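Please look over the sequence and the structure shown here before reading on.

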Amino acid sequence: MKKFLSVFLTFIFFLPITYTLSPVCSAAVSAPDITAPAAILIEQSSGKILYAKNENDIRPCASITKIMTLLLVMEELENGNLNLDDMLTASEHAASMGGSDIWLKAGEQMSVNDLIKATCVASANDAAVVLAEAICGSEDAFVDEMNKKAQKLGMTNTTFKNCNGLDQDGHLTCAADIAIMSRELLKYDKILEYTSIRLDYLRDGKTQLVNTNKLLNNYPGITGLKTGTTSQAGSCMSASAQKNDLHLIAVVLGCQNSTDRFNDSKLLLDYGFSNFLIYTPNIENDVISSVNIENGMKNELLVVYDKPNNIVVSKQDKSKISSSQHIFENISAPVHQGDKIGYVQFLLNGEVLNEISILASEDIEEITFKSILKLFLENFFII
């Protein structure tokens with residue numbers, strides 16, 4: 001039976017799908033008309049919202065839940081509390097999971113690496129529970145940590161009841177919260193090694209894994225992230241993609257079917273890539289090298305500019321961005337290296353998009369009897 005399912009899944013994955021997936025174009029497109037009742041599109045590095053539709057509506061999210069599970073797993077790996085080659089043992093509870101799984105048997109051992117792979121690629125509910133139990137001792141204790149992490153991240157509309165997303169009363173979130181935890185998970189580059197896998201194997205090739213994210217085979221730049229489907233949640237997805245310097249996350253919840261889920265995700269990503277870009281502020285036209293200092297042992301202070309953050313703007317607005325430089329008045333000694341003595345603002349239609357600090361590059365002492373005496377001694381009595 002398992003061999004039949006493996007062959008069947010492979011056949012389904014490589015079948016042509018009915019929705020149209022055209023390459024991302026450069027021409028601007030209007031806001032997408034999507035079927036999903038709730039959705040959001042954000043830029044990954046900044047979290048800026050580029051599109052939203054009922055993004056705070058509280059809904060089930062199915063296996064999108066596993067994004068939080070994987071986030072806690074990545075944290076444990078980074079902290080050294082978990083290693084990829086650790087062998088974990090499936091409990092009776094983990095082996096009892098229904099829905100999508102890898103047919104773990106109670107007492108069976110599998111590496112952390114393979115369990116993460118199964119969770120990301122095949123959305124295996126049993127694998128997710130094994131990871132949860134290894135970290136916290138029980139799924140319930142792990143779910144408590146999931147909820148604590150959600151609150152810490154500002155996911156105010158989220159309550160987790162399990163670690164894999166199976167339908168359960170009170171297990172709810174919203175598109176905006178999913179975007180937050182997706183963005184957090186994507187801070188770990190390692191996760192992309194798993195979410196970008198289309199086809200792989202476990203148990204020495206006996207168990208085949210076919211990725212539930214069909215966009216991996218059809219959308220340029222797709223990197224992940226997670227799909228989910230249950231009777232209560234409908235078809236859901238958090239899709240991540242990259243084109244040049246622009247990283248996007250598109251979340252859709254409650255689609256009627258898998259085709260709508262992938263179409264909606266594709267439309268949102270197309271909209272983002274066609275209309276927005278990463279703008280790196282340029283201060284060359286405003287740069288100054290020094291400012292005057294009052295009551296200092298030196299009357300001129302050399303300055304440096306803080307590193308600018310990238311700005312997400314529409315392609316049409318790029319040419320409209322202006323800058324304005326401000327130096328604080330009456331700067332007096334003492335001044336310490338790193339002190340902020342001014343700033344440069346980048347503006348669009350009067351709105352401040354970004355601000356770069358102008359910093360002191362050196363220390364300057366205040367003029368005092370002691371400092372003058374010290375200078376005198378250094379210049380005339382040094383042997």
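A residue is called buried if its relative accessible area is under 20%, exposed if it is over 50%, and partly exposed in between, using a 1.4 Å probe and protein chains only. This is a predicted model, in which local features need pLDDT of at least 70 and side-chain atom pairs count only at pLDDT 80 or more, while totals for chains, interfaces and linings use all residues. Residues are numbered from 1 along each chain as its sequence is written, and side-chain values use heavy atoms, with hydrogens and water left out.

**The chain as a whole**

- The protein chain has ten helices and 16 strands, where helices (H or I, at least four residues) and strands (E, at least two) are DSSP runs numbered from the N terminus.
- Of the 383 residues in the protein chain, 49% count as buried.
- Among contacts in the protein chain with a separation of 6 or more, 64% come from residues 24 or more positions apart, contact meaning heavy atoms within 4.5 Å.

**Aromatic rings**

- Rings of Phe, Tyr and Trp (its six-membered ring) pair if their centres lie within 6.5 Å, and their planes count as stacked when under 30 degrees apart, edge-to-face when over 60, and tilted for the rest; by this rule there are three aromatic pairs.
- The ring centres of tyrosine 51 and tyrosine 271 are 6.4 Å apart with their planes at 70°, so this pair is edge-to-face.
- Because tyrosine 51 belongs to strand S2 (residues 49–53) and tyrosine 271 to helix H9 (residues 258–275), the pair ties together parts that are 220 residues apart in sequence.
- Both tyrosine 51 and tyrosine 271 are buried, and ring pairs link Tyr51, Tyr271 and Phe276 into a cluster.

- Buried in H6 are Glu139, Phe142, Val143, Met146, Asn147, Lys149 and Ala150.
- The buried residues of H6 pack against helix H2 (66–79), helix H3 (92–95) and helix H5 (125–136).

**Nonpolar cores**

- A nonpolar core is a set of buried Ala, Val, Leu, Ile, Met, Phe, Trp, Tyr and Cys residues joined through side-chain atoms within 4.5 Å.
- The largest nonpolar core has 63 residues, and Ile102 and Ile116 have the most contacts inside it.
- Helix H2 gives the most to this core, with eight residues.
- Apart from its neighbours within four places in sequence, isoleucine 116 is in contact with Leu70, Val73, Met74, Leu77, Leu84, Leu131 and Tyr194.
- A second, separate core of 26 residues includes Ala239, Ala241, Cys255 and Ile278.

**Two contrasting residues**

- Threonine 69, in helix H2, is buried with a relative accessible area of 1%.
- Setting aside neighbours within four places in sequence, threonine 69 is in contact with Ala128, Phe142, Met146 and Cys163.
- Glutamate 329 sits in the loop between strand S14 (322–327) and strand S15 (340–348), and at 71% relative accessibility glutamate 329 counts as exposed.
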